[in-house]
Amino acid sequence: MEELNASIDLDRRYYDVDIKGSIAHVTMLGEQGIVTEEEAAAIREGLEKIRKMIENDEIEFSTRLEDIHMTVETYLIKEIGDVGKKLHTGRSRNDQVALDTRLFMKKELGEIYEEIRTLLNVILKKAEEYKSEIMIGFTHLQHAQPVTIGFHLMAYFQMFKRDLERIEDCLKRIDYNPLGAGALAGTTVNINRHRTTELLGFSNITENAMDSVSDKDFVLEFLSDAAICIMHLSRFSEEFIIWNSQEFGYIDIDDAYCTGSSIMPQKKNPDIAELIRGKTGRVYGNLMTMLTVMKGTPLAYNKDFQEDKAALFDSLDTLRICVKVFAKMLENTEFKTEEISKHLGKGFLAATDIAEHMVKQNVPFREAHEIVGNMVKYCENNNMGLEDIKEENYPEISEKLTANMIPELSARACVDRRVSYGGTAVSDVERQIEAGKKYMA
């Protein structure tokens, strides 16, 4: 029973916020006259001593004491005597753990927020470095249209920008003080919840005691945000893995972020990208774990809620290190532009430009689409590129095809023509980068 019931192996990480919450609580009790000022001071002093003892590994964590709350309180009473027994006046472990979780997540999400900011700044720097260098844009992993490397990177900037905003938004819902909700119905003791809200730096106070101790929405929200963010990292990692292959050869990842083979000396494996892609499944699993835990729990508190820690801590730790290391890997990766340029002649990348050029000459788009499709088929049958089509070949393709229907077909020309807002033209990529810098500032 002790082993199954205990959570100390996980929630010991709460020790700092647990003590912080207790200090605020006893300060309020003293101000309210619920304990004397001398008693409040003695309890605060004892709690600070317990904090130092934990930091110096002088406290034994045991399943016998079940969780961090009972551990701190037990050692407090041991240190200062019966006055320590007054600490728990006007609160329950239910609102105490709700408080600890919120305080802990505020700190941890703040750190993840900064790691995502770092990644965004790395993306901006890389996008600016390669804002005019051309690469192939894909759909269905097939050659589609030429784009710039900077443009491609700025697509990921938008993804991680949304992730940053989701974390910021999640922090707003975490920033509510549940302390004083008691077990589920509040307390008859004359506490001042607004005062502990002020002391603990919360912006808001929870409105309903029953909801306060049974709410895990903010945990679920973060787990969802984490799943989306690491999905973006996984997509980017997948591209790194593809680009690093001999078949593509688009990038050179610094050796510090790759490993060799245990048997093949020539190998340079993109292990960091693969690990991030693999760890994505863990973060997804944590979200599903908590959704399943919560789906059948009646109000108010249930012991099921204890399962949040494994899922929460794992997602916090996994996301933080994945964002941090990916940013370093990206920062230390070079795009092999000469190698990329060798691929630009494949896949009829200018086909859409020809169709759109025809549209500008009042050819209906569907008709233009069909003509260009015939051009591509003709090229495939004759083992040639679109730029190799001669005027004498036009009748074999379409009786409507004329020379003025075909624009310049170089990859550079295709890129430069895409000046629509959000397009890949260098001028608009520069605009996107400047907008990104302004956002980060």
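Trainee: Between which two helices is the loop in which Asp57 lies?

Mentor: Asp57 lies in the loop between α4 and α5. The model is predicted, so local features need pLDDT of at least 70 and side-chain atom pairs count only at pLDDT 80 or more, while totals for chains, interfaces and linings use all residues. Residues are numbered from 1 along each chain as its sequence is written, and side-chain values use heavy atoms, with hydrogens and water left out.

Trainee: How do you know at what angle α4 and α5 cross?

Mentor: Two packed helices are described by the angle between their axes and the distance between the axes. Axes are lines fitted to C-alpha atoms, for helices over the stretch in contact, and angles run from 0 to 180 degrees between N-to-C directions. The axes of α4 and α5 (residues 68–80) come within 9 Å and cross at roughly 115°. The crossing is right-handed; that word applies if the near helix is turned clockwise from the far one, and left-handed if anticlockwise, by less than a right angle.

Trainee: Which residues make the contact between α4 and α5?

Mentor: Contact means heavy atoms within 4.5 Å. Among the residues that make it are Ile43, Leu47 and Ile50 of α4 and Val72, Tyr75 and Leu76 of α5. By class, this contact has 10 nonpolar, 1 polar and 2 charged residues. Ala, Val, Leu, Ile, Met, Phe, Trp, Tyr, Cys and Pro count as nonpolar, Asp, Glu, Lys and Arg as charged, and the others, Gly among them, as polar.

Trainee: Why is one space called a cavity and another a pocket?

Mentor: On a 1 Å grid over the protein atoms alone, a cavity is a set of points where a 1.4 Å probe fits but cannot get out, whereas a pocket is an open set with protein on both sides within 12 Å along at least five of seven lines; lining residues have an atom within 4 Å of a point. Points are joined across faces, edges and corners, and a volume is the space filled by probe spheres set on them. The whole structure holds 1 cavity of 30 Å³ or more. The largest cavity has a volume of about 30 Å³, and its lining includes Asn94, Asp215 and Tyr301. Helix α6 gives the largest share of this lining, 3 residues.

Trainee: What is the volume of the largest pocket?

Mentor: The largest pocket has a volume of about 550 Å³. It is lined by 24 residues, and the closest to its centre are Gly137, Phe138, Thr139, His152 and Glu239. This lining divides into 12 nonpolar, 8 polar and 4 charged residues. The second largest pocket has a volume of about 220 Å³, with a lining of 3 nonpolar, 6 polar and 5 charged residues.

Definitions and conventions. Helices (H or I, at least four residues) and strands (E, at least two) are DSSP runs, numbered from the N terminus.
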